[in-house]
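Thanks for coming. I will take one structure today and go through it piece by piece. Please have a look at it first.

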Amino acid sequence: MASFSNMGVICRITSPPPRSSTSSSRALFPTFRSYSYSQISRSRSCRLGIRCSYAEAVREDPSSGAIDVVADVKSERIVVIGGSGFVGSAICKAAVSKGIEAISLSRSGRPSYSDPWVDQVTWMAGDVFYANWDEVLVGATAVISTLGGFGSDEQMQRINGEANIVAVNAAKDYGIPKFILISVHDYNLPSFLLQSGYFTGKRKAESEVLSKYPNSGVVLRPAFIYGKRKVDGFEIPLDLIGKPLEKILRAAESFTKPLSSLPASDLLLAPPVSVDDVAYAVINAVKDDDCFGIFTIDQIKEAAAGVKV
Ligand SMILES: NC(=O)c1ccc[n+]([C@@H]2O[C@H](COP(=O)([O-])OP(=O)(O)OC[C@H]3O[C@@H](n4cnc5c(N)ncnc54)[C@H](OP(=O)(O)O)[C@@H]3O)[C@@H](O)[C@H]2O)c1
């Protein structure tokens, strides 16, 4: 069995202008309609011409502050599958902070907690296997899937593999120009340990993204992700462990590097990554048309640094 292997990443860090968003929550029922790539790509970028003749204004009134501006403004509309989850909600929050319109699709729809950014996301309730893509994907410029989880081997194949493959194909059918998958680091595990439904599902999903989106698909492979995970009204502060651990492992990197060739060594040595870094790496990928391929833990941090305030 092939192991997870790193592929080239092409990435340019960008920092774009803000945009407003809307809020709503609705249930979904399946119907189908398709959109061409050109329709979607036209919605991705619009040229705003704000013209007021500076020369004329100055001639008439030299104190006038009128200016002549032609600006390129990109309008992004992202669909986050699993936007109500731990990583998905951080992506929605980061998108809102950057003026990107965010739509979340998950079975539970809108999360129960309140926060100002929550009101700026469109929360849709639906199962990825039965989603009304016509409502979810129209006008989207990127789809991000955070689908994944644990359970029996069959359940892991279904949520890590099949569910993501359904999402990739829906996005492709609707001509959405970019797909971003939250996958996982392989922890340098020997190939027989990568045969669980979790890893084989992830690998199938990755292949689908990279084959359907060879020039724009993005796969992020974080190890342990820390932050504040909300579960049933409680907050689990994973950052209390994750943050110091990341610092220690990064500081010790030059000593531990020789051990990285040992099988499964990354179970102990792969640095955790903050949920905000994963979210901002996604935002960077959304904004940069030249950004595609597989992102390792270090590349996730690097990409995030380019867009974090
Ligand atoms: N957390 C980590 O440390 C870590 C580390 C490495 C990689 N990852 C990967 O990162 C991704 C996100 O992890 P997470 O911790 O954020 O997971 P999570 O909190 O469980 O979020 C999963 C999201 O997917 C939604 N979902 C599940 N099944 C669905 C379905 N059939 N249709 C629509 N939505 C569905 C869930 O909402 P509903 O249940 O309401 O549908 C939830 O919003 C996963 O792929 C995971 O493997 C996580």
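Asp-232 counts as exposed, with 5 C-beta neighbours inside 10 Å. The terms here rest on C-beta atoms placed from the backbone: a residue is buried if 20 or more others lie within 10 Å of its own, exposed if 12 or fewer, and partly exposed in between. Asp-232 sits in the loop between strand 12 (228-231) and strand 13 (234-237). Its phi is positive, about 50°, although Asp-232 is not a glycine.

Before I go on, two notes on the source. This is a predicted model, where local features need pLDDT of at least 70, side-chain atom pairs count only at pLDDT 80 or more, and totals for chains, interfaces and linings use all residues. Residues are numbered from 1 along each chain as its sequence is written.

Tyr-187 also has a positive phi, about 55°, and is not a glycine. Tyr-187 lies in the loop between strand 9 (179-182) and helix 6 (197-212). With 19 other C-beta atoms within 10 Å, Tyr-187 is partly exposed.

Now the overall counts. The protein has 11 helices and 15 strands; these are DSSP runs numbered from the N terminus, H or I of at least four residues for helices and E of at least two for strands. Of its 309 residues, 40% count as buried. Take the contacts between residues at least 6 apart in sequence: 74% of them join residues at least 24 apart. A contact here means two C-beta atoms, placed from the backbone, within 7 Å.

Next, the ligand. Which residues come nearest to it? Among the 25 residues around the ligand, they are Gly-82, Gly-85, Arg-107, Ser-108 and Gly-148. To be near, a residue must have its C-beta atom, placed from the backbone, within 6 Å. Helix 3 (86-97), strand 6 (101-106) and helix 5 (153-173) are the elements that give two or more residues to this shell. The largest share, 3 residues, comes from helix 3. By type, the shell divides into 14 nonpolar, 9 polar and 2 charged residues. Nonpolar means Ala, Val, Leu, Ile, Met, Phe, Trp, Tyr, Cys and Pro; charged means Asp, Glu, Lys and Arg; the others, Gly among them, are polar.

At 1.5 Å a residue helix 3 should span 16 Å, and its end C-alpha atoms are 17 Å apart, which agrees. The expected span is 1.5 Å times one less than the number of residues. After helix 3 comes Gly-99, with a positive phi near 75°.

Last, a pair of helices. Two packed helices are described by the angle between their axes and the distance between the axes. For helix 10 (residues 275-287) and helix 11 (residues 297-307), the axes come within 7 Å and cross at roughly 70°. The axes are lines fitted to C-alpha atoms over the stretch in contact, with angles from 0 to 180 degrees between N-to-C directions. The two helices are therefore roughly perpendicular to each other, the label for 65 to 115 degrees; under 35 is roughly parallel, over 145 roughly antiparallel, and the rest oblique.

The residues of this contact divide into 9 nonpolar, 2 polar and 2 charged. Among them are Tyr-280 and Ile-283 in helix 10, and Ile-300 and Val-307 in helix 11. Helix 10 is largely enclosed by the rest of the structure, because 12 of its 13 residues are buried.
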